[in-house]
Amino acid sequence: MSPDKASLEDLTGYLGVGALELLGLFFVLDGVSGFLAFVETYAKTSSWAILVTVPALVVCYILGLTSSLAVESLLRLEPVLTPEHFAQATSSNNEAMVRKYAEVERHARLLNGCLIAFVVVGVGCLAETRQMGRFAFVGYLGCVLSIALGVLCPFLARHQQRKLLPLIVAVYHGRAKAA
């Protein structure tokens, strides 16, 4: 994997996490104050897309990156993959192993960020229920499912890291025995 591809995947991943957070914040604002009517009024203007698109992308990226790093810092009681494991992966001279290590770490960071994103979407779904009338159950269901998915994401991240760990050790020890 080239460094350019990794950078593009990082960018789009953080944009996605941030976009979910922005959506959740929008749901909260709309649920509390009826914000959608305000947005619809301005979205009809021709300058709206020009004025909002790039700043919204930047905000999404920053939200996604900071939430991913924050959750990673808060949840990292005992790291699954340590700097020693990275050293083992790189010293194996196995390019596929190094790529896989980088991929698992990138995905883990994004999944960690999804914790905040899905919790915010869940809170937004809950806020929207007061405007949904007899369909409020959809908001409650969205709230429960979003929060459950958000809580599941860090566990999935650690699971992916744990799956890679024996492979790193096996490749490293196989390389050490060969030398």
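Trainee: What is the secondary structure of the chain, helices or strands?
Mentor: The model is predicted, and in it the chain has 6 helices and 0 strands. Read from the N terminus, the order of elements is α-α-α-α-α-α.

Trainee: What radius of gyration does the chain have?
Mentor: The chain has 21 Å, whereas a compact globule of 179 residues would have a value near 16 Å. The C-alpha trace spans about 70 × 35 × 20 Å along the principal axes.

Trainee: How many of the residues are buried?
Mentor: Buried residues come to 32% of the 179 in the chain.

Trainee: Contacts next. Of those between residues at least 6 apart in sequence, how many join residues at least 24 apart?
Mentor: The share is 82%.

Trainee: Switching to charge: how many positive and negative side chains are there?
Mentor: There are 14 positive and 13 negative side chains, and the centres of the two sets are 6 Å apart.

Trainee: Now A70. Where is the place of A70?
Mentor: A70 sits in helix α3, which covers residues 48-75.

Trainee: Why does A70 count as partly exposed?
Mentor: Because its relative accessibility is 31%, and partly exposed is the class between under 20% for buried and over 50% for exposed.

Definitions and conventions: Residues numbered from 1 in each chain as written. Predicted model: local features only at pLDDT ≥ 70, side-chain atom pairs only at ≥ 80, totals over all residues. Heavy atoms only, no water. Helix = DSSP H or I, 4+ residues; strand = E, 2+ residues; numbered from the N terminus. Rg over C-alpha atoms; globule rule 2.2 N^0.38 Å. Buried < 20%, exposed > 50% of the residue type's maximum accessible area, 1.4 Å probe, protein only. Contact = heavy atoms within 4.5 Å. Lys, Arg positive; Asp, Glu negative; His and termini not counted. Charge placed at Lys NZ, Arg CZ, Asp CG, Glu CD.
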